[in-house]
There are 2 protein chains.
Amino acid sequence: MRRAELATALRPIPIDDPADPRLAPYAAIRERDLVGRQGRFVAEGEVVLRVLLSGRSRFRTESVLLAPERLPALEPALAACDAPVYLAARPVMSAVAGFPIHRGVLAIGRGGPVADPDALVPDGPALLVGLVGLTNHDNVGGLFRNAAAFGADGVLMDAATCDPLYRKAIRVSAGTSLTVPFGRVPDGAALLDLCARHALVPVALTPGAEDIAALPPLPRALLLLGTEGTGLPEGLMARARRVGIPMAPGVDSLNVAVAGAVALHRLGGGRLPAQDRA
Amino acid sequence: MRRAELATALRPIPIDDPADPRLAPYAAIRERDLVGRQGRFVAEGEVVLRVLLSGRSRFRTESVLLAPERLPALEPALAACDAPVYLAARPVMSAVAGFPIHRGVLAIGRGGPVADPDALVPDGPALLVGLVGLTNHDNVGGLFRNAAAFGADGVLMDAATCDPLYRKAIRVSAGTSLTVPFGRVPDGAALLDLCARHALVPVALTPGAEDIAALPPLPRALLLLGTEGTGLPEGLMARARRVGIPMAPGVDSLNVAVAGAVALHRLGGGRLPAQDRA
């Protein structure tokens with residue numbers, strides 16, 4: 001079906017019963033965030049929905065649930081969406097979700113196959129991000145946003161790092177966890193093995209090391225980031241190029257997403273074509 | 001009283017009644033966050049309490065409220081504290097505060113006099129941050145943390161920017177909103193007037209401008225930051241040096257605290273003495 005036909009075919013479906021089975025995927029969102037959703041995820045808010053519906057997202061839309069007053073502004077973005085679009089008043093949405101849905105915009109997305117980490121490494125210039133033990137969804141979401149902004153080719157996560165498709169991580173990422181390719185490895189050592197296979201320089205961000213500003217340009221690099229508290233494991237850092245960000249006396253650390261942004265700006269800034277700089 | 005005498009004088013006061021009048025400043029924290037606290041603020045968590053008790057804080061401690069099991073680790077930091085230290089079980093703390101106090105660490109601080117903005121500008125090298133219309137406590141807290149990390153001399157805020165002494169802003173700032181000097185100005189135009197008075201170059205961060213990496217070193221600068229959505233007012237930017245951070249195609253913006261960190265790293269990194277770089 002061509003896009004123009006789909007555009008005229010948008011038939012939102014009003015629902016006023018919170019127990020309607022078509023709303024079951026939206027039920028008790030917070031509790032189900034904790035136990036996993038069998039390949040599905042919850043997209044929340046207009047920014048994320050627009051990314052999910054765009055060609056940039058790597059994921060399918062299963063359904064959309066909107067407060068009726070949000071429909072007009074979103075209609076153009078929904079034109080090419082072949083998933084059902086449900087309309088429910090905010091009190092109905094909140095009753096289903098189990099907490100107040102102020103934004104009035106939800107959707108269910110569905111994951112594709114998990115990426116092979118080796119397949120994420122491009123030939124030629126390459127910049128990847130490796131996350132080790134990051135269990136905070138805000139930080140993981142923030143790092144995806146920064147990876148997208150600075151043109152990273154992908155994000156690789158160890159088993160301890162939390163799910164970038166968790167609702168709050170997607171929201172904080174401004175939808176970029178739906179666009180930046182990511183993959184899983186068992187642990188930090190597997191990231192170093194991957195660096196060795198693909199001639200990537202592993203760069204470990206850690207206090208007290210060589211100033212990152214003194215680093216020569218690295219055409220192929222993987223930036224390793226660990227938690228603010230315990231940092232990267234010593235055995236990992238011993239096999240990586242350690243760099244630090246100069247900080248004022250008395251300041252222990254930056255937020256890990258912020259430190260990652262400063263490092264990616266340094267490592268990746270030069271890769272962005274001049275016409276795209278903004 | 002000398003420090004050693006104070007150290008031996010630490011006499012924590014157990015309280016088990018949530019209605020005890022000594023706990024009144026801790027009552028209904030969330031509601032009172034919204035209406036202001038007459039110069040008082042709530043410090044939450046161990047990181048913030050340690051900053052409040054340290055010589056780095058510009059504020060006084062009025063009282064401390066701890067879950068008893070948190071006392072041993074904090075005792076050395078409390079040794080020089082002449083404010084009362086109350087001990088209450090977590091359920092009592094939560095009943096008073098009106099929500100679960102998982103960390104078991106609270107304190108009430110009291111503000112000093114509001115700083116004169118002109119007094120925050122040092123002679124010689126100067127780097128200040130100007131916030132215009134930032135109403136998100138996470139962003140303001142994050143910007144204080146970054147201002148501290150990159151050695152900024154102070155933060156100036158317009159009337160629309162939210163309170164850096166709001167509980168959540170202090171927590172996100174890792175306590176640095178208690179250490180970095182700040183002041184208020186009526187609006188963005190007043191920031192530019194201040195720049196003119198003190199020979200500071202106003203640097204406006206905005207998409208689509210000159211690459212910040214191409215900026216020459218600026219010994220005296222004020223970095224202007226506005227909201228992610230609407231950005232800085234056009235009239236303000238017309239009077240400032242506009243710079244941007246190169247971003248990948250399709251990415252609209254960075255989080256404002258992250259963008260501020262990248263810019264401060266660029267503007268301020270060279271000011272930090274080499275021995276303090278970490």
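A salt bridge is taken here as a side-chain nitrogen of Lys or Arg within 4 Å of a carboxyl oxygen of Asp or Glu. The model is predicted, so local features need pLDDT of at least 70 and side-chain atom pairs count only at pLDDT 80 or more, whereas totals for chains, interfaces and linings use all residues. Residues are numbered from 1 along each chain as its sequence is written, chains are lettered from A and ligands numbered from 1 in the order in which they are written, and side-chain values use heavy atoms, with hydrogens and water left out.

**Stop 1: the interface**

Select Glu228(A) and Arg145(B); their side chains form a salt bridge at 3.0 Å, N to O. Between chain B and chain A the count is 2 salt bridges.

Next, display on chain B helix H6 (137-149), S9 and H10, each of which supplies at least two residues of the side that touches chain A. Helices (H or I, at least four residues) and strands (E, at least two) are DSSP runs, numbered from the N terminus. The contact (heavy atoms within 4.5 Å) takes 31 residues from chain B and 31 residues from chain A. The buried area is about 2,700 Å², with 61% from carbon and sulfur atoms; this is the accessible area (1.4 Å probe) that two parts lose on being put together, summed over both.

**Stop 2: the sheet of chain B**

Select the open sheet of 6 strands in chain B, which has the order S8-S7-S6-S10-S9-S11 and parallel pairing. Two strands pair if DSSP finds at least two bridges between them. At the edges are strand S8 (182-184) and strand S11 (241-244) of chain B, each pairing on one side only. Within the sheet, 4 bridges join S6 (residues 126-131) to S7 (residues 154-157) of chain B; Gly130(B) stands opposite Leu156(B) in S7(B).

**Stop 3**

Move to chain A, where an open sheet of 6 strands has the order S8-S7-S6-S10-S9-S11, with parallel pairing. Strands S8 (182-184) and S11 (241-244) of chain A each have a single partner strand, so one side of each lacks a neighbour in the sheet. Select Val155(A) and its bridge partner in S8(A), Phe182(A); 3 bridges join S7 (residues 154-157) of chain A to S8(A).

**Stop 4: a salt bridge within chain A**

Finally, select Arg90(A) and Glu69(A), whose side chains meet in a salt bridge at 2.8 Å, N to O. Arg90(A) lies in helix H5 (residues 90-97) of chain A, and Glu69(A) in the loop between strand S3 (60-66) and helix H4 (71-78) of chain A, 21 residues apart.
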